[in-house]
Amino acid sequence: MACEILGILHWNEYSDLRPKSFEEVEPEFIAHCAKVHEDAGFDRVLIANSAHRPDSLPIATWAAAATTKLAFMIAHRPGFIAPTMAARMFAILDRMSGGRCGVHIITGADDIEMQADGDFLTKDVRYRRSHEYVDVMRRVWSSAEPFDHDGEFYQAKGAFAHVRPTSGHIATFWGGSSPVAVEHGAQVADVYALPAVGVGQVRGMIADVRAAAARYGRTLDFLISTRVLVADTEAQAWERAHAMQRRLMEEVVDNGRFLTLPGETRSQAIERGLADANRNSLDGRMWSGVSRVPTGRPSINSLIGSIDQVFEALMAYGAQGISRFILSGYEPIEDTRYLGQSLIPRLREAFA
């Protein structure tokens with residue numbers, strides 16, 4: 001079985017340790033980051049999306065022009081443009097890039113964040129809308145004749161695209177752990193994306209999605225997304241992890257996102273925050289110590305250890321049915337190159 005290795009494409013030269021203004025978009029860095037991932041052996045990169053981030057499609061278009069092989073997992077939120085238009089947008093990018101387009105359907109787990117873009121539907125209703133959205137896009141991609149659609153959320157008369165995807169299909173990624181997310185994703189997704197949790201929890205999630213997909217006669221691939229804190233030795237990895245965690249904790253205390261108690265010094269507040277973050281924060285190789293620091297920025301759990309230890313951990317996920325991995329470090333260029341040199345070749349050989 002082959003595996004697919006994905007990274008994360010950034011739009012400016014920030015890291016979690018050196019945040020820069022999110023208003024700053026650096027076209028040169030986007031192209032450079034994409035090329036570094038391609039040269040390091042990554043198959044695809046995720047381009048994230050939210051109510052406050054730059055739109056993912058122009059970033060993907062820019063990165064596609066700077067690369068020749070790298071594919072894309074473009075996060076896209078249904079509900080703001082018609083699915084017929086979205087289908088044409090993705091189709092033309094797929095054509096221009098030689099079949100390198102993929103779409104990650106982001107239904108949105110946070111109602112408050114969705115309202116920043118004017119979307120006041122509940123999450124369960126949004127999942128129904130996402131399901132219909134994908135159905136319409138796929139029909140646009142495959143239909144040789146104009147068609148009509150009359151659904152719960154969308155209506156179209158004479159929908160058609162003059163340009164369709166290179167292979168007639170664009171890979172559709174889907175995520176979500178709620179029963180309604182699983183039920184709808186099982187019907188429309190090609191790849192189901194899972195969060196960075198322990199192997200046992202992943203095993204249960206995969207079983208749930210497989211059971212739902214089987215009811216519709218479908219099979220899906222599975223993806224897990226995790227940060228990777230890796231070094232030549234385990235001690236070096238933990239040294240780096242704790243130094244990074246301390247810097248983040250110092251930042252949140254200094255910025256008032258973690259308040260000192262009466263009579264408590266800044267140093268004592270930092271130590272208290274670190275103790276809280278590290279309490280029961282390790283599940284196998286999966287460490288949640290960074291995600292528990294209240295930075296105000298999205299964070300996911302990390303696999304931590306030596307190259308051998310992280311490789312073995314990824315293979316344990318592979319044994320559960322994971323064949324696609326989003327692997328990202330905390331330094332967008334240096335970590336990408338290191339993973340390309342040390343980890344990606346071993347994963348390819350093992351899966352092959």
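## Charged pairs, a pocket and the surface

The side chains of R324 and E4 come together in a salt bridge with an N to O distance of 2.8 Å, and the model in which this pair is found is a predicted one. Because R324 belongs to strand β13 (residues 322-328) and E4 to strand β1 (residues 4-8), the pair ties together parts that are 320 residues apart in sequence. R324 is buried, with a relative accessible area of 16%, and E4 is likewise buried, at 12% relative accessibility.

The count of salt bridges comes to 18, and three of them are set out below.

| Salt bridge | N to O distance |
|---|---|
| R324 and E4 | 2.8 Å |
| E38 and K35 | 3.9 Å |
| R266 and D254 | 2.7 Å |

E38 and K35 are 3 residues apart in helix α1 (residues 27-40), so about one helical turn separates them. In this pair E38 is buried at 8% relative accessibility, whereas K35 is partly exposed at 33%.

The side chains of R266 and D254 also meet in a salt bridge. This pair links distant parts of the chain, with R266 in helix α9 and D254 in helix α8 (residues 234-254), 12 residues apart. R266 is partly exposed at 41% relative accessibility, and D254 is partly exposed as well, with a relative accessible area of 48%. Elsewhere, salt bridges that share partners join E4, R44, D221 and R324 into one network.

The second largest pocket holds about 250 Å³ of space. Its lining is made up of 16 residues, and N49, D55, H76, R77 and F80 are those that lie nearest the centre of the pocket. By class, this lining has 8 nonpolar, 4 polar and 4 charged residues. Helix α2 (56-66), strand β3 (71-76) and helix α3 each supply at least two residues of the lining, and β3 gives the most, with 3 residues.

Most residues other than glycine have a negative phi. The phi of N280, however, is near 50°, a positive value in a residue other than glycine. N280 is placed in the loop between α9 (266-278) and β10 (282-283), and at 69% relative accessibility N280 counts as exposed.

Definitions and conventions: Residues are numbered from 1 along each chain as its sequence is written. This is a predicted model: local features need pLDDT of at least 70, side-chain atom pairs count only at pLDDT 80 or more; totals for chains, interfaces and linings use all residues. Side-chain values use heavy atoms; hydrogens and water are left out. On a 1 Å grid over the protein atoms alone, a cavity is a set of points where a 1.4 Å probe fits but cannot get out, and a pocket is an open set with protein on both sides within 12 Å along at least five of seven lines; lining residues have an atom within 4 Å of a point. Grid points are joined across faces, edges and corners, and a volume is the space filled by probe spheres set on the points. Helices (H or I, at least four residues) and strands (E, at least two) are DSSP runs, numbered from the N terminus. Ala, Val, Leu, Ile, Met, Phe, Trp, Tyr, Cys and Pro count as nonpolar, Asp, Glu, Lys and Arg as charged, and the others, Gly among them, as polar. Buried means under 20% relative accessible area, exposed over 50%, partly exposed in between (1.4 Å probe, protein chains only). A salt bridge is a side-chain nitrogen of Lys or Arg within 4 Å of a carboxyl oxygen of Asp or Glu.
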